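Subject: Handing over a structure

Dear colleague,

I am passing a structure on to you, and you will find it just below. Please look through it first and then read the notes that come after it.

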There are 2 protein chains.
Amino acid sequence: MKLLLASTSTVHGQKYLEYLKDDIKEFFKGVKTIVFIPYARPGGITWDEYTEVARKAFEPLGFDIRGVHEMDDAPEAIKRAEGVFTGGGNTFVLLNTLYEKGLIPQLRDRILSGMPYMGSSAGTNIAGAGIETTNDMPVLHPPSFEALHVVPFNINPHYLDPDPGSKHMGETRETRIKEFLVFNNRKVVGLREGSHLWIEGGNVELRGTLPTRIFSRDGIKEYPPGEKLNFLLETD
Amino acid sequence: MKLLLASTSTVHGQKYLEYLKDDIKEFFKGVKTIVFIPYARPGGITWDEYTEVARKAFEPLGFDIRGVHEMDDAPEAIKRAEGVFTGGGNTFVLLNTLYEKGLIPQLRDRILSGMPYMGSSAGTNIAGAGIETTNDMPVLHPPSFEALHVVPFNINPHYLDPDPGSKHMGETRETRIKEFLVFNNRKVVGLREGSHLWIEGGNVELRGTLPTRIFSRDGIKEYPPGEKLNFLLETD
């Protein structure tokens, strides 16, 4: 298994995927064409428009991008892909489309047999066990919240610390994740923007410049960048 | 139809429901016992604990509170209720429990035949057509996102304006609601904290101190407090 799971595609003040350039080059080394899954449609843009965004970021790094929708047979495209990147947007729209197209089993199989998979934001979310810790609005009703489940934990991308000065009474991210834990016994990785997980075989490495926050029924713990988080792959 | 739909139960620096006291007294005039629906379980507290919170707020106003779970037959309790209040918490947990208990048709029927219904936050959300514009985490998978649908629009409680100084790359509330509109053609009322809708017969009045924001495929419009928003009840 080889996964690059990024909290966000873009950090403040930079271009799309710019901060991840070196990691991407290293991660997809040996891959010529990456299949792009544009189904999350950020802001409702079309699959074509979104694929162009990805193409502009990957071509200068030496990779060809093909939108999965550009191919006649999407499950066949996943079966033959050398590598896959799923972009961010709305996690419900993304997961719902993957179910509609019947792509979940193919993607899961390919990832488990070693095809490199990269995700950002919603694309990272769906690599987890389920999408129950997304921040997105549930604009469509997918048949299930179970996701690719190639790792046994859930992810909260764009993890945001509570703002001590806020007068807003809506729940903080921490409160929401604790609520998740009341109803589900599963670890949650709160990935701050700029953080990403590099998973290869049984190794889980936290990359980026910020610590990450891991929530479980045993409590909350922070881990610094560079830390090995291999225990995340253990199933309880 | 008689509805009091509040964005939040609590405004900053005040006690639970304190800012709504006068409206509540007027709204439930003539009612002795209010049936409380505690299923949204904010922070995962129990139904009993949550019912105590509601009781402490309503008893000083002259109303008895009975938790719907305290009665042997929940659908029968809704059938006989003089008035219902649904508290906030997690909208997915709330809606899922209403489906599990088979309470949706009873509640809808009673509201449509005039029983006063009050909601705050998640309890307001479920009065709308669907819960697709909740801010909550989808910690449980309800069989459908369709809600009580006693009004034809959706509600976004705790509506929050974009923070121009933010460096966070997660979507603003406005972006999320616009995304909803790409996939659904339905009006969305963004209710800021402290705002509430008083709906009686064909009248929709915006109460509170803040303007409200209404989103549709025709654009975004702000309406000041005191404004009549009867057009919201029209189905397209």
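Predicted model: local features only at pLDDT ≥ 70, side-chain atom pairs only at ≥ 80, totals over all residues.

Residues are numbered from 1 along each chain as its sequence is written, chains are lettered from A and ligands numbered from 1 in the order in which they are written, and side-chain values use heavy atoms, with hydrogens and water left out.

A nonpolar core here is a set of buried Ala, Val, Leu, Ile, Met, Phe, Trp, Tyr and Cys residues joined through side-chain atoms within 4.5 Å, where buried means under 20% relative accessible area, exposed over 50% and partly exposed in between (1.4 Å probe, protein chains only). The largest such core has 88 residues, and those with the most contacts inside it include Leu107(A), Tyr117(A), Leu107(B) and Leu197(B). Apart from that core lies another, of 23 residues, among them Ala6(B), Leu17(B), Val31(B) and Ile34(B). If contact is taken as heavy atoms within 4.5 Å, Leu197(B) touches, beyond four places in sequence, residues including Leu3(B), Phe153(B), Val204(B) and Leu229(B).

On a 1 Å grid over the protein atoms alone, a cavity is a set of points where a 1.4 Å probe fits but cannot get out, and a pocket is an open set with protein on both sides within 12 Å along at least five of seven lines; lining residues have an atom within 4 Å of a point. The largest pocket holds about 1,200 Å³ of space, and of the 36 residues that line this pocket, the closest to its centre are Leu160(A), Arg173(A), Leu160(B), His168(B) and Arg173(B).

There are 2 cavities of 30 Å³ or more. The largest cavity has about 60 Å³ of space, and residues of both chains line it, including His168(A), Arg176(A), Asp136(B) and Arg173(B). The second largest cavity has about 40 Å³, with a lining that includes Thr91(A), His158(A) and Glu171(B).

Finally, Gly201(B) is partly exposed, with a relative accessible area of 40%. Leaving aside neighbours within four places in sequence, Gly201(B) is in contact with Met1(B) and Leu233(B), whereas Thr46(B), 155 residues from Gly201(B) in sequence, lies 35 Å away, C-alpha to C-alpha.

With best wishes

Technical notes
Points joined across faces, edges and corners; volume = space filled by probe spheres on them.
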